Amino acid sequence: MKRTFLATLCLMTGMTIYGQHIDVQPTPQQVNASNETLTLTGVYQIQGEQEANPYALKGLKTLFAGEHNTGKGMKIYIGERGDKAIRKYNKFIPKQDEGYFLRISPKEIVVAGNDEQGTFYAVQTLKQLLNDNQLPITEITDYPEVRFRGVVEGFYGTPWSHQARLRHLKFYGENKMNTYIYGPKDDPYHSSPNWRLPYPEQEAKQIKELVQVAKENAVNFVWAIHPGKDIKWNQEDRDNLLAKFEKMYGLGVRSYAVFFDDISGEGTKADKQAELLNYIDEQFVKVKKDVTPLIMCPTEYNKSWSNVKG
């Protein structure tokens, strides 16, 4: 899954595999294709339903509409490394995170991920390969070269609409991008004046839906807070920040970021920022067993703007 990046923004590049009758984006690491094709019959036997990534399985069933598990028809094996259904294919599965092995042959289809995201990505590749009820006879081994691939919604001006965000998340999943950071500067509950306050009911409901749709599309939803404009370096605001994180946790958020960019005054003190981040790590991140490591953006994140002699 090869990508070109600019700063923290991942820019997807579409690349076609010429001469092999297949078109997959981003370009897989290894493709072994023939000139033959497989015509789908509409009758399938799916092996591995009990263990495989449920969102990958749902996508597979949507892709292969027809009769399933009738005891006849094309056999489709799906699962993650170690699962019973695909155990005999373990040696073909790349060991890199989010990697997968995909085999399309006249006898069977194998959708085998190194982990749940890998299985999901294999299904996305199948989706791209399917054309007019036909699939190319091929084997694909793939894994990402860059760990984090996605978008930061961190601009000024009118934030994206809820529907636009939902479509973005689905697009990321379809194109094997795994990260979305929510941080629109003009969301008053992300930044000043209301970062200390919980989201109103309607906005909270929308964030909960975004978290779920992100999960369904193998995207890590990261919620960011931007408290530096008016933060007070005292226990009250520490408690305010942790309380806000708890509210977001209740909405399903499991990944967090703290942004100190584009501020001036008291909030720019690097030592105070570090103290706060350590406090959050000790009192929240390490306490919650299912929260990912904290992400932060410092005030001076561009060397040309910083006082390197200071």
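This is a predicted model: local features need pLDDT of at least 70, side-chain atom pairs count only at pLDDT 80 or more; totals for chains, interfaces and linings use all residues.
Residues are numbered from 1 along each chain as its sequence is written, and side-chain values use heavy atoms, with hydrogens and water left out. Local features need pLDDT of at least 70 and side-chain atom pairs count only at pLDDT 80 or more, whereas totals for chains, interfaces and linings use all residues.

**Exercise 1.** Determine how helix α1 is oriented relative to helix α2, and which residues meet there.

*Solution.* Begin with the axes, which are lines fitted to C-alpha atoms over the stretch in contact, with angles from 0 to 180 degrees between N-to-C directions. Those of α1 (residues 54-63) and α2 (residues 116-129), helices being DSSP runs of H or I with at least four residues, come within 8 Å and cross at roughly 15 degrees. That makes α1 roughly parallel to α2, a term for angles under 35 degrees. Next, list the contacts (heavy atoms within 4.5 Å): Tyr55, Ala56, Gly59, Leu60 and Leu63 in α1 meet Thr119, Phe120, Val123, Leu126 and Lys127 in α2.

**Exercise 2.** Find which residues touch the most other members of the largest nonpolar core.

*Solution.* A nonpolar core is a set of buried Ala, Val, Leu, Ile, Met, Phe, Trp, Tyr and Cys residues joined through side-chain atoms within 4.5 Å, where buried means under 20% relative accessible area (1.4 Å probe, protein chains only). The largest has 39 residues, and Ile207, Phe221, Trp223, Phe245, Tyr256, Ile280 and Phe284 touch the most other members. A second, separate core of 31 residues includes Tyr44, Ile46, Ala56 and Ile78. Finally, take Tyr256: its contacts, not counting residues up to four places away in sequence, include Trp223, Phe245 and Phe284.

Conventions: Helices (H or I, at least four residues) and strands (E, at least two) are DSSP runs, numbered from the N terminus. Angles under 35 degrees count as roughly parallel, over 145 as roughly antiparallel, 65 to 115 as roughly perpendicular and the rest as oblique. Buried means under 20% relative accessible area, exposed over 50%, partly exposed in between (1.4 Å probe, protein chains only).
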